[in-house]
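Trainee: Please take one part of this model, the pairing of charged side chains, and look at it closely. Then set it beside the rest of the model, step by step.

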Amino acid sequence: MKQRPFLIGLLLSLVVAILLAIQFGGVAMSLHDVINGLFMADDSLAGKLVWEYRMPRILVGLLVGANLAVSGAILQGIARNPLVDTNIIGMNDGAGFAAVLVITMVPSASAFLLPLSAFSGALLAVTLVYVLAWKRGMSPVRLALAGIALAALFDAGITAMMIGATDQVGAALLWLKGSLWGRGWEHFFSLLPWSLLSLSLAWLLAPRMNAICLGDQLSRGLGMRLELARGTLLFVAVVMAGSAVAAAGTIGFVGLVVPHLVRLWVGADYRILIPISALAGGLLVLVADTAGRTLFAPTEVPAGVFTALLGAPYFLYLLRKALR
Amino acid sequence: MHGKRQTNPIIRVVLTLLIGLFLLLLAVIYSTFAGTMQLDVSTVWQALWQPSDTVERAVVWDLRLPRALLGALVGASLAVSGALMQGITHNPLVEPKLIGVTAGASLFIVGLTVLYPDFPIGWTPFVAFAGAATGGLLVYSMASQRGVTPLGLTLAGVAVSLFLSALMMGILVIDLETAGLVIFWLAGGLAGRGWSHVSMMLPWAISGLVIAWGLSSRMNALQLGDEVAQGLGISLDATRLYAALVTVVLAGSAVAVAGPIGFVGLIIPHVSRSLVGSDYRVLVPVSAILGACLLVYGDIAARTIREPLEWPVGVLTAFIGAPFFLYLLRKERGR
C-alpha cells in the first residue's frame with residue numbers, strides 16, 4: 001500500500017501539532033507540564049489548562065477540519081468540479097444565516113438547535129445554488145459564481161439581522177468569522193455525534209463515490225441507483241458543513257485545498273481519500289488555530305484568516321487550470 | 001420593446017436624463033425630511049437658509065444634507081466606474097467590488113489606519129487609489145492570459161477579493177481598539193458622514209466623472225473591436241489605461257469615504273444600457289444620475305426601515321445586486 005508512508009507522516013504531524021497546541025498559548029507550558037497535565041488530570045494549573053481549555057478547543061478544531069475537508073471532497077466529486085468547496089458554494093454563509101436567524105429570533109433556543117438550523121441553512125443554500133446554476137448542464141465556473149452571489153446575499157442578510165442586536169449576537173458575530181475562540185466541551189459534544197455519523201456514512205458510501213466519479217453511464221451500468229446515492233452523499237456533505245459552521249463559524253477554503261492536496265498524494269480512491277482528508281483537514285484547522293492564537297499573542301487571529309490566505313491563491317491556481 | 005426602439009433616440013435620451021435628474025433632486029430633498037426626527041416643510045426650509053443654533057438646523061444642515069450629497073457622489077462614482085470596467089473588459093459581470101478594486105482599497109485604508117494611526121486624513125484618497133489599483137492589477141494580470149472568459153475573470157476577482165479581505169482581517173486583529181472603529185466603516189454606509197467627507201470626495205468625483213465623459217467616444221471605439229478602433233486612429237492601450245485610471249479614482253475615492261459598497265456598479269450600467277443604449281456619451285451621464293439616485297434612495301430606506309436603527313446601505317445594494325448578478329449569470333452564455 002503506497003499510501004502508508006503518507007499516512008504515518010500525517011499521523012505523526014497530528015501528534016506533534018496536538019502537543020504544540022497544548023503547550024503554547026496565553027500561558028506557555030514546559031513539555032514536562034504538558035505530559036503531567038495530560039496524564040494526571042488533577043487540580044494543578046497544568047491539568048486545568050490542558051483539560052478545561054486547550055483540549056476541547058483542539059478537539060473541536062480537529063472535528064471541524066475533518067468535516068469541512070470531507071464535505072469538500074464529496075462536493076467536488078458529485079459536482080465533478082475542482083472549484084467547489086463549502087465556502088464557494090454558499091453553504092457556509094447559508095448555515096451562518098440560519099444560525100443567526102435562530103439566535104436573534106429565539107434567543108432561548110438550546111445549543112443543540114443551532115446545528116439543526118445550520119443544516120437547514122446549508123441545505124437551502126446548496127439547493128438554491130444548484131437550481132440557479134443549472135442550465136442544460138452544470139459548468140464548474142457558473143456553479144462557483146452562483147454560490148458566490150448567494151453567499152453575498154446571505155452575508156447581507158446576516159449583517160441586517162445583526163444591526164442593533166443584543167450582546168449575545170455580538171458574540172455570534174465573532175463566532176461567524178471563523179474562530180475557535182472560547183470553544184469548550186459543550187461545543188465538542190454537540191459536534192461529535194453529527195461528525196461521527198456523517199464521517200462514517202461518507203466512508204461507507206465511498207465505493208459509490210468512486211462509481212459516481214466514473215461518470216453517469218458507467219455507474220448506472222454497475223447497477224447503482226445514481227440519484228439516490230448522489231442525494232444521500234449531498235445530504236451527508238450538508239450535515240458536515242452545517243455542523244462545522246455551527247461549531248466554529250465560516251472557516252473557508254479547507255474543503256477546497258485539502259481534498260486536492262490529498263488527491264495528489266494518495267490518488268482519487270474515495271475509500272482512502274475520505275479518511276485521509278479528514279485527518280489532513282483536522283491538522284490544517286488545528287495548525288491555523290494554534291498559529292492564530294500564538295503568533296500575535298495576546299491578540300488572536302481567527303483560524304479562518306489563515307485558511308483564506310492559504311486557500312484563495314490556491315483557488316486562483318485551480319481556476320487558471322480549469323479555464324485553460 | 002420594438003415599438004419603444006422606434007421613438008426618436010434623442011428624445012428618449014433627453015427624457016431619461018430629465019426624469020433621472022428630477023428623481024435625484026426629489027431624493028436629495030426627501031432625504032432632508034426622512035429620519036427619526038420628523039420635520040415639516042417650513043422647518044426644513046428655515047433650517048437650510050437661516051444659520052442658527054437649533055437642533056433642526058443641525059439635523060438638516062450638518063447631518064442630512066451632506067449625507068444626501070455624499071450618497072449622490074458615491075453612487076455616481078461607483079456606477080460610472082462599473083460602466084467603464086464593463087467596457088474595458090468586455091465583461092457584463094464586472095464591477096468594483098467583484099474585481100478586487102474595492103477589496104484592495106479597503107485593505108490599504110485599513111492598513112494605513114492600523115499601522116500609521118497619525119496619518120493626515122487628506123491622504124486617505126491616495127492610499128485608496130493605490131489599493132484599488134493593486135487589487136485591480138492582480139485580477140487583470142489573471143485576465144491578460146489568453147483565453148480567460150468573462151465568467152473566469154469574475155471568479156478570479158472574487159478569489160483575489162477574499163484573499164485581500166483575509167489579509168485585512170489579519171491586520172485588523174493586530175489593534176483591536178482601532179478595529180472597533182474600522183469595522184464601523186467596513187460595513188459600507190453613509191452613517192455619520194459629514195461635510196468633511198463631501199469636500200474630500202468632491203474634487204475626485206467631479207474630475208473622474210468629467211474625464212470619464214471625455215473618454216466616451218474612445219470607449220465607444222473600444223466596443224467596436226480592435227480593428228475598427230485602430231482604423232479610427234485610436235490607441236486601444238492608451239484608452240484602456242486612461243479608463244482604468246479613472247475607474248481607480250472613482251471607485252477608490254468612493255471606498256475611502258463610504259467603505260465597501262457593492263453591486264451599484266453592476267446594476268446601474270445594465271439598467272442605463274437598457275434605457276438609452278450603449279453609446280458611452282449618453283451612458284456615462286445616465287449611469288451617474290441613476291447611480292446617485294440608487295444610493296440616495298437606498299440610504300433613505302436603509303436608515304428608515306428599522307428606525308431608529310440603521311442598516312449600512314451596502315446591505316441594501318447587496319439585497320438588490322446579488323439576485324441581479326444571478327439573473328445576468330443565467331443570461332450569460334458559454335462556460
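Predicted model: local features only at pLDDT ≥ 70, side-chain atom pairs only at ≥ 80, totals over all residues.

Mentor: A helix here is a DSSP run of H or I that holds at least four residues, and helices are numbered from the N terminus. Asp289(A) and Arg293(A) are separated by about one helical turn, because they stand four residues apart in helix H13 of chain A, which covers residues 270-294. Their side chains meet in a salt bridge, with a distance of 4.0 Å from N to O. As to accessibility, Asp289(A) and Arg293(A) are both buried. In general terms, side chains of opposite charge can pair when their charged atoms come close.

In helix H14 of chain B, residues 280-304, Asp299(B) and Arg303(B) lie four residues apart, which is about one turn of the helix. The side chains of Asp299(B) and Arg303(B) form a salt bridge at 3.6 Å, N to O, and both residues are buried.

Another pair in chain B has another setting. The side chains of Asp279(B) and Arg281(B) meet in a salt bridge at 2.7 Å, N to O. Asp279(B) counts as partly exposed because its relative accessibility is 24%, and Arg281(B) is likewise classed as partly exposed because its value is 48%. Over all chains the structure holds eight salt bridges, yet the interface of chain A and chain B has zero of them.

Two residue pairs are in polar contact across the interface of chain A and chain B, both at pLDDT 80 or more. On the side of chain A that touches chain B, helix H5 (113-133), helix H6 (140-162) and helix H14 (303-323) of chain A each supply at least two residues. H6(A) gives the most to that side, with 15 residues. By class, the residues of the side of chain A that touches chain B divide into 31 nonpolar, five polar and six charged. The contact takes 42 residues from chain A and 42 residues from chain B, and the area buried between the two chains is about 3500 Å², of which carbon and sulfur atoms give 76%. Leu145(A), Ile163(A) and Leu323(A) supply 17% of the area that chain A buries against chain B, more than any other three residues.

Covalent links between side chains deserve a word as well. A disulfide is a covalent bond between the sulfur atoms of two cysteines. The structure holds zero disulfides over all chains. Among its cysteines, Cys213(A) counts as partly exposed because its relative accessibility is 37%, whereas Cys293(B) counts as buried because its relative accessibility is 6%.

Ser198(A) is found in helix H8 of chain A, residues 185-204, and it is classed as buried because its relative accessibility is 3%. A polar atom of the side chain of Ser198(A) lies 2.7 Å from the backbone oxygen of Trp194(A). Apart from neighbours within four places in sequence, Ser198(A) is in contact with Val236(A), Val239(A) and Met240(A). In chain B, Thr239(B) has its place in helix H12, residues 236-258, and it is buried, with a relative accessible area of 1%. Not counting residues up to four places away in sequence, Thr239(B) touches Arg218(B), Met219(B), Leu222(B) and Ile234(B).

His90(B), found in the loop between helix H4 (55-89) and helix H5 (101-115) of chain B, has a positive phi of about 50° although it is not a glycine. With a relative accessible area of 41%, His90(B) is partly exposed. Phe263(B), found in the loop between H12 and helix H13 (264-276) of chain B, has a positive phi of about 75° and is not a glycine either. Phe263(B) is buried, with a relative accessible area of 7%.

Technical notes
Residues numbered from 1 in each chain as written. Chains lettered and ligands numbered in written order. Heavy atoms only, no water. Contact = heavy atoms within 4.5 Å. Buried area = accessible area lost by both parts, 1.4 Å probe. Polar contact = N/O pair within 3.5 Å; in protein donor to acceptor, adjacent residues only side chain to side chain. Nonpolar A, V, L, I, M, F, W, Y, C, P; charged D, E, K, R; others polar. Disulfide = S-S within 2.5 Å. Buried < 20%, exposed > 50% of the residue type's maximum accessible area, 1.4 Å probe, protein only.
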